[in-house]
Amino acid sequence: MKYLPDTQIMLWFLAEPEKLPDSVIADLNEAAPAPLFSAVSIWEVAIKQSLGRADFKADAETVRAQLLLAGWQELAFTGMHAAQIASLPNIHKDPFDRALLAQALVEEAVLLTSDAILASYPGPVRQV
């Protein structure tokens, strides 16, 4: 099964795995093919990083390098993904989350999220 963690789950996996259930860590470690990480998530990290928020310590380049080193597959954001957003019900306003869901739909991957609103979408979304 393909897994695409949202940005929060991806960051927890790297820096605070104790926040994730053991079953999710196992799913990501044993995923075949390797878990996906989206360029959208790296973009989100880069934007938050550039804002200089005191409560946000992640570095986009470091996160990307760590994921690649761990064997995760990078998923580019394509025109097909962008077009898929138009078919989504207007449940969630966050453009990053909507883009990640569109990617999950196109790629036939399960989107892992801790966001209850995002998890309320029909389709391949699993709340963690």
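Modeller: Start with helix H1, residues 7-15, whose buried residues are Thr 7, Ile 9, Met 10, Leu 11, Trp 12 and Phe 13. Helices are DSSP runs of H or I with at least four residues, strands are E runs of at least two, and both are numbered from the N terminus. This is a predicted model: local features need pLDDT of at least 70, side-chain atom pairs count only at pLDDT 80 or more, and totals for chains, interfaces and linings use all residues. Residues are numbered from 1 along each chain as its sequence is written, and side-chain values use heavy atoms, with hydrogens and water left out.

Biologist: What makes Phe 13 buried?

Modeller: Buried means under 20% relative accessible area, exposed over 50%, and partly exposed in between, with a 1.4 Å probe and protein chains only. Phe 13 has 14%, so Phe 13 is buried.

Biologist: What caps the N-terminal end of H1?

Modeller: Asp 6 does, with a side-chain oxygen 3.3 Å from the backbone nitrogen of Gln 8.

Biologist: How many aromatic pairs does a search of the whole structure find?

Modeller: Two. Rings of Phe, Tyr and Trp (its six-membered ring) pair if their centres lie within 6.5 Å; planes under 30 degrees apart count as stacked, over 60 as edge-to-face and the rest as tilted.

Biologist: Why is the pair of Phe 13 and Trp 72 called tilted?

Modeller: The ring centres are 5.1 Å apart and the planes stand at 45°, so the pair is tilted. This pair links distant parts of the chain: Phe 13 sits in helix H1, and Trp 72 in the loop between H4 and strand S3 (73-75), 59 residues apart.

Biologist: Is Trp 72 buried or exposed?

Modeller: Its relative accessible area is 6%, so Trp 72 is buried.

Biologist: What makes the pair of Trp 43 and Phe 96 edge-to-face?

Modeller: The planes of Trp 43 and Phe 96 are 75° apart, and the centres 5.0 Å. That pair also links distant parts of the chain: Trp 43 is in helix H3 and Phe 96 in helix H6 (residues 95-107), 53 residues apart.

Biologist: How do you know that Trp 43 counts as exposed?

Modeller: Trp 43 has 52% relative accessibility, so Trp 43 counts as exposed.

Biologist: Which helix gives the most to the lining of the largest pocket?

Modeller: H1, with six residues. H1, helix H3 (39-50) and helix H4 (60-69) each supply at least two residues of that lining.

Technical notes
Polar contact = N/O pair within 3.5 Å; in protein donor to acceptor, adjacent residues only side chain to side chain.
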